Number of protein chains: 2
Amino acid sequence: MNPNQMAVQEAARFMQEHDRFLVLSHVSPDGDATGSALGVVLMLEQLGKEYVVVNEGETPIKFNFLPRFDRLYNLRKQPLNETFGAVIAVDCADESRMGDVRSLFASGAALLNIDHHPTNDHFGTVNLVRPDAAATAEILFDVAEAAGVSFNEELALCIYTGLLTDTGGFRYSNTSPRVMEIAARLLGYGVKPGDVAERCLEEITFAHVKVLRRALQTLQLSHQNLIASITVSAADFAEVGAEREDAGGLVNYCRNIEGVEVGVSFVEAEPGVVKVSMRARDRVDVAVIAKQLGGGGHAKAAGCTIKGPLSEVQQKVWTVLDDAVGVKFDE
Amino acid sequence: MNPNQMAVQEAARFMQEHDRFLVLSHVSPDGDATGSALGVVLMLEQLGKEYVVVNEGETPIKFNFLPRFDRLYNLRKQPLNETFGAVIAVDCADESRMGDVRSLFASGAALLNIDHHPTNDHFGTVNLVRPDAAATAEILFDVAEAAGVSFNEELALCIYTGLLTDTGGFRYSNTSPRVMEIAARLLGYGVKPGDVAERCLEEITFAHVKVLRRALQTLQLSHQNLIASITVSAADFAEVGAEREDAGGLVNYCRNIEGVEVGVSFVEAEPGVVKVSMRARDRVDVAVIAKQLGGGGHAKAAGCTIKGPLSEVQQKVWTVLDDAVGVKFDE
C-alpha cells in the first residue's frame, strides 16, 4: 500500500471511529467546498454517524440542488452552543480558511484534513492532502470507496459537482484522465451533467447582465486587434446597482474574440481601486506583465490591482502591454 | 460477437481492403464531422493507404488546430478530376448531406457509412450506424481499436474534438459514462482539454460581440420575471454588419438568468422573417409552445420561424406564452 492509499484508509477509519462530527469547508464556499462537505455528510449518514455541517456564512443559493443543502448551518445567523471532539475539514488549505467555525473545536479535537491545495499546511491530526488531485471531491471518491460506502445518485452528484466546478467544466489543465474516469463512474449513478453545469457554471445574475451590457459598450480592439479590453467604472457599478461579484468573467469576452491574443478588463468596483485582469491565448505571457504591474498569476491568466484614477491606470497598463506585444496602443 | 462489434470489424476491414479512398463528412461541417473525417485520415495514413479528404465547401477556420486540416479539399474552389471506388462518409445521415461531393463517386463504388444520427438511411454498402453514440467520433474510437491503429496525440485530438463538440462540452444528455471513459483515454495521449474547448466552444467573432451588445440593450424580464427575452432586428444586423450565424446562443443569456424559467430570442436576420428560439429550465415545456406556433424541438430547447413584422410576431408569441406560464405579459 502506497502512502496515498494509507492516508485514504486512515481517513476512512477516522469516519468509522468517531460518533459525532463537525463537518466544514472554507469561507465563501465554491462548488468543490460545498459538494465535498455534503458528500462527507452523506457518507456519515450511511455509516450511521451524527453530524453538524457548518459554514461561517451563507452558502450560495445556486448550490441548493445538492442533497442536504438545507442542513448547512450558517454560523453568522445561528450561533451554536456545542464544541466538537471530531472535525472533518474539506478543501481548506489552512485553519484561517475556516473562519469562525474554528471556535467550535473542543480542545484537543481530532481533526481530519482532506484537501488538494499545494499550500496545505497539514493542520489536521489526520491529513489526507493530495495536490495532484483536481478537486477535494476527487479525493473524497477514494475515501468513499475505502470506507465501504455505497455510491448512489445523491453522493455521486456531490462529488461530480466538485469535479465539474474545480476543473472549470472539464477545461482547466487539471482535467486529468483520472478526473474523467471518476466522472464516467458518477454519471453511471444517474447524475445529469447538463443540469449540474446549468446550475453551477451557466447561471448568471440579472445584475451581471446589466454590468455586461454596460461593459460591452466600452469594448475596444487595439494594438492591431491583438488586444481587446473592457472597462467597468465605479459609476457603472453605482448606476446599475451591482456588486463586485457581478463583474466576474468579463475578461473572457475579450480573450475569446477570434484573432485576439490578450483580453484585459479594468474593473473599478471601489472608486480609485482598479482590478486589472488579463487572459492570454498563445503568444503573450500575462504573468510577466502582471508581475511588472505588481500583481501575479499564470501565463494565460493573471492580474493586478492598481490604485488611482481609471484613465491613469489604463495608461500605465497600456505602456507595459505595448512592449509585451511589440505594437503601440492605436486607438 | 454482437452485431455492433461485427459492424465495427467490418468497417475496420473496409479500410484495410481498399487502397485509395475518398473521405468526406457533411456540408457546413461541425466539430464532430471535421474531427471524424480527419481522424479517418490519420487512421488511413497509419494503414499505409492513399486518400483525398473533401468537403463541398469551406471548413470553419477555427478547426485549423486539427492535424491534416490543410489537406481538406474545398470542392467549390478546386474541382477534382477523379472518381473514387472506395468512399468513407462520416457523420452523414443520408447522401444529400454530402452535397456535391457525391459527384466524385465511381459507379458501383464501395461506400462505408459511419454515423450516429437516428435518421440515418443506411446508404452505404457497409453501414456502421449507432444512434446510441453521442458522436460519430465515439464510434471511430472503436474502429481505430479494431483496425489495430495505434493511438497518439493527433488521433486522440481528432476524436476528442468530436466528443467535446457533439456533447456541448460534456453537458448535453448524450454525455454517457462511455463518452467520459473514452475522453479519459484520449486525455492520456496528451490532449489539452482547455485548448480544444477554447478553440471549439469559447471563440466568438467580433460581429457576435457587436450583435450581443445591441441585443442586451433589448433584454427584458416579463411575466413576473419568469421570462427573459432579447431581440435582434433586421436593422441591427444591417447596422452592425453581422450575419445570421453571429446571433447564435443569444437565447442562453436569457435562460441563464437566475429565477428565469423561459428564455426567448427574436432574431430577424432577414427582414420580416423572425426566428424565435426558446430555452426552458424546469417548469415549462417549450416544445409544446413551439408546436402551437408551427415549430418544434425538445422540452428544454425549441423554436419556430414566423413571418411578419417583428412586433406582431412578438405579440403572437407572448399570447401563447401567457397561457403556458399562467401569467400575463406585464411590461
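User: In this predicted model, how many salt bridges does the rule find across the interface of chain A and chain B?

Analyst: Side chains of opposite charge can pair when their charged atoms come close. Across the interface of chain A and chain B, the number of salt bridges that the rule finds is 12.

User: Which helix of chain A gives the most residues to the side that touches chain B?

Analyst: Across the interface of chain A and chain B there are 19 residue pairs in polar contact, both residues being at pLDDT 80 or more. On the side of chain A that touches chain B, at least two residues each come from α5 (177-187), α6 (193-202), α7 (206-218) and α9 (250-255). With eight residues, the element that gives the most to this side of chain A is α6(A).

User: What area is buried between chain A and chain B?

Analyst: The size of an interface is often given as the accessible area lost when the parts come together. Here 40 residues of chain A are in contact with 40 residues of chain B, and the residues on the side of chain A divide into 20 nonpolar, eight polar and 12 charged. Carbon and sulfur atoms give 59% of the area buried between the two chains, which is about 3,800 Å².

User: By what kind of axis are the two copies related?

Analyst: Chain A can be laid on chain B by a turn of 180° and a shift of 0.0 Å along the axis, with an RMSD of 0.1 Å. The two copies are thus related as by a two-fold rotation axis.

User: How many residues apart in sequence are the parts that A:Glu45 and A:Arg68 tie together?

Analyst: The side chains of A:Glu45 and A:Arg68 meet in a salt bridge, at 2.8 Å from N to O. A:Glu45 lies in helix α2 (residues 31-46) of chain A, while A:Arg68 lies in the loop between β2 (50-55) and β3 (73-74) of chain A, so the pair ties together parts whose separation in sequence is 23 residues.

Key
Residues are numbered from 1 along each chain as its sequence is written. Chains are lettered from A and ligands numbered from 1 in the order in which they are written. This is a predicted model: local features need pLDDT of at least 70, side-chain atom pairs count only at pLDDT 80 or more; totals for chains, interfaces and linings use all residues. Side-chain values use heavy atoms; hydrogens and water are left out. Contact means heavy atoms within 4.5 Å. Buried area is the accessible area (1.4 Å probe) that two parts lose on being put together, summed over both. A salt bridge is a side-chain nitrogen of Lys or Arg within 4 Å of a carboxyl oxygen of Asp or Glu. A polar contact is a pair of N or O atoms within 3.5 Å; within protein, one must be able to donate a hydrogen and the other to accept it, and residues adjacent in sequence count only if both atoms are side-chain atoms. Helices (H or I, at least four residues) and strands (E, at least two) are DSSP runs, numbered from the N terminus. Ala, Val, Leu, Ile, Met, Phe, Trp, Tyr, Cys and Pro count as nonpolar, Asp, Glu, Lys and Arg as charged, and the others, Gly among them, as polar. Copies are superposed by least squares on the C-alpha atoms of residues with pLDDT of at least 70 in both.
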